[in-house]
Amino acid sequence: RLRKLEEGEYQAIIMAVAGLKRLGATEHMKQIFTEDEMLPAVGQGAVAIEARSDDKEVLEMLSLINDEKTLAEVTAERALMKELEGGCQVPIGALAKSKNGELELSAVVSSLDGKEVVSGSLKAKTEDAEEAGVKLAKELEEKGAGKILAKIRESGS
């Protein structure tokens, strides 16, 4: 993507700061969006390790490195995405932040052209992360997110 940018195929491109830092290509960063300007995609910044459910030894090892705060945040974000029936190609942003047993979840759903936008947020107990994601998704649907997503699905995008 950077090559295409340098060759003039793009006028601009949005990329992850972490990726540019890993590549040593921070000179390409012209603006870093704040959370108020743009919410990230679901699960951004979280690292997951998958294991077989019957592999007790591996599951025990993984429990030693599991970060409960991150797990709650990603659980809320993924529950929201699942309830909205979203995926990688759908303009849904979500960000959960957990602190002192409380979770704050913010989300946005946008039309592909950005002309229709529905957003919302809520607070919940960290242990209610999944329910919070479902609840916020339903609130967004009531505000019109369902119609936006239906149009996107109908267009085949």
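These legends walk through several close-up views of one protein.

This is a predicted model, in which local features need pLDDT of at least 70, side-chain atom pairs count only at pLDDT 80 or more, and totals for chains, interfaces and linings use all residues. Residues are numbered from 1 along each chain as its sequence is written, and side-chain values use heavy atoms, with hydrogens and water left out.

View 1. Helices (H or I, at least four residues) and strands (E, at least two) are DSSP runs, numbered from the N terminus. Reading from that end, the order of elements is α-α-α-α-β-β-β-α-α. The C-alpha atoms fill a box of roughly 50 × 40 × 30 Å along the principal axes. Of the 157 residues, 30% count as buried; here buried means under 20% relative accessible area, exposed means over 50%, and partly exposed is in between (1.4 Å probe, protein chains only).

**View 2. The largest nonpolar core brings together 26 residues.** A nonpolar core is a set of buried Ala, Val, Leu, Ile, Met, Phe, Trp, Tyr and Cys residues joined through side-chain atoms within 4.5 Å. The residues with the most contacts inside this core are L80, L84, I92, V109 and L140. Two or more core residues come from each of α4 (68-83), β1 (92-99), β2, β3, α5 (129-143) and α6 (145-155). Helix α5 gives the most, with five residues. In soluble globular proteins, nonpolar side chains tend to be buried together.

View 3. A contact means heavy atoms within 4.5 Å.

**View 4. S110 and S111 sit side by side in the numbering, S110 in strand β2 (residues 102-110) and S111 in the loop between β2 and β3 (117-125).** S110 is buried, at 15% relative accessible area, and S111 is buried too, at 8%. Beyond neighbours within four places, S110 is in contact with P91, E116, V117, I148 and I152. S111, counted in that way, touches P91, E116, I148 and I152. The side chain of S111 also makes a polar contact with the side chain of D113 at 2.6 Å and reaches the backbone nitrogen of K115 at 3.2 Å. A polar contact is a pair of N or O atoms within 3.5 Å; within protein, one must be able to donate a hydrogen and the other to accept it, and residues adjacent in sequence count only if both atoms are side-chain atoms.

**View 5. E116 and K151 join their side chains in a salt bridge, 3.3 Å from N to O.** E116 lies in the loop between β2 and β3 and K151 in helix α6, so the pair ties together parts that are 35 residues apart in sequence. Both ends are partly exposed, with E116 at 34% and K151 at 47% relative accessibility. A salt bridge is a side-chain nitrogen of Lys or Arg within 4 Å of a carboxyl oxygen of Asp or Glu, and by this rule the count comes to five.

**View 6. R52 and D55 form another salt bridge, at 2.9 Å from N to O.** Here R52 is exposed, with a relative accessible area of 56%, whereas D55 counts as buried at 17%.
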